[in-house]
Amino acid sequence: QVQLVESGGGLAQPGGSLRLSCVASGFTFGNYAKTWVRQVPGKGLEWVSGISSDVRVTYYTGAAKGRFTISRDNAKNTVYLEMNSLNPADTRLYYCAKHLTSSMAGDMDSWGRGTLVTISS
């Protein structure tokens, strides 16, 4: 059974940093691309960042570029999102997702339950 469990969210001040982690199980982690998406409760999903299975390709939305860094440790079945220079607009529920393929061109087929990030002074 595929499981994705996010952690690392919480309250941070504007300008601060957080590091999100997503530990996966139930499938061969290293074979699939991963993505972080985020959501304001009750609204649509926003793609934040993605990473291919071999780490060669990463993607960031405009809001994340230059501030967030995605990485993965295939030996630990974990994908990370390092977030810096946080601002209140980053207040969202953050999910990690697994793609059907090694690249982000494939659809996402599994998601975790999310970790809440709140940016406030």
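**Asparagine 77 and its setting**

A: Asparagine 77 sits in the loop that joins strand 7 to strand 8 (strands are DSSP runs of E of at least two residues and helices runs of H or I of at least four, numbered from the N terminus). The model is predicted, so local features are used only at pLDDT of at least 70 and side-chain atom pairs only at pLDDT 80 or more, while totals for chains, interfaces and linings take in all residues. Numbering starts from 1 along each chain as its sequence is written, and side-chain values rest on heavy atoms, with hydrogens and water left out.

The backbone at this position deserves attention. Most residues other than glycine have a negative phi. Asparagine 77, although not a glycine, has a positive phi of about 55 degrees. Its relative accessible area is 26%, so asparagine 77 is classed as partly exposed (buried means under 20%, exposed over 50%, and partly exposed in between, with a 1.4 Å probe and protein chains only).

Serine 85 belongs to the loop between strand 8 and strand 9. With a relative accessible area of 45%, serine 85 is partly exposed.

Strand 3 gives the largest share, 4 residues. This core has 23 residues, and those touching the most other members are Trp36, Phe68, Val79, Leu81, Met83 and Tyr94. In soluble globular proteins, nonpolar side chains tend to be buried together.

Tyrosine 94 shows how such a residue is surrounded. Neighbours within four places in sequence aside, it is in contact (heavy atoms within 4.5 Å) with Glu6, Leu20, Trp36, Val37, Arg38, Val48, Phe68, Leu81, Met83, Gly114, Thr115 and Val117.

The wider fold can now be described. The protein has 0 helices and 11 strands, and the sequence order reads β-β-β-β-β-β-β-β-β-β-β. Its C-alpha trace spans about 40 × 25 × 25 Å along the principal axes. Of the 121 residues, 44% count as buried. Among contacts with a separation of 6 or more, 56% join residues 24 or more positions apart.

Lysine 34 lies in strand 4 (residues 34–39). Its relative accessibility is 1%, and lysine 34 therefore counts as buried. Beyond four places in sequence, lysine 34 touches Phe27, Phe29, Ser49, Gly50, Ile51, Ile70, Arg72, Val79, Ala97, Lys98 and His99. Alanine 12 is 22 residues from lysine 34 along the chain, and their C-alpha atoms are separated by 25 Å. Serine 53 is located in the loop between strand 5 and strand 6 (58–60). At 10% relative accessibility, serine 53 is likewise buried. Apart from residues within four places in sequence, serine 53 contacts Gly30, Asn31, Tyr32, Ala33, Arg72, Asn74 and Ser102.

Two positions towards the start of the chain complete the account. Valine 2 is in the segment before strand 1, and at 34% relative accessibility valine 2 is partly exposed. Leaving out residues up to four places away, valine 2 touches Ser25, Gly26, Phe27, Lys98 and Ser110. From valine 2 to serine 21, 19 residues apart along the chain, the C-alpha separation is 16 Å. Glycine 8 lies in the loop between strand 1 (3–7) and strand 2 (10–12). Its relative accessible area of 33% makes glycine 8 partly exposed. With residues up to four places away not counted, glycine 8 touches Leu18, Arg19, Leu20 and Thr115. Tryptophan 47 lies 39 residues from glycine 8 in sequence and 18 Å away in space, C-alpha to C-alpha.

Conventions
Core = buried A, V, L, I, M, F, W, Y, C linked by side-chain atoms within 4.5 Å.
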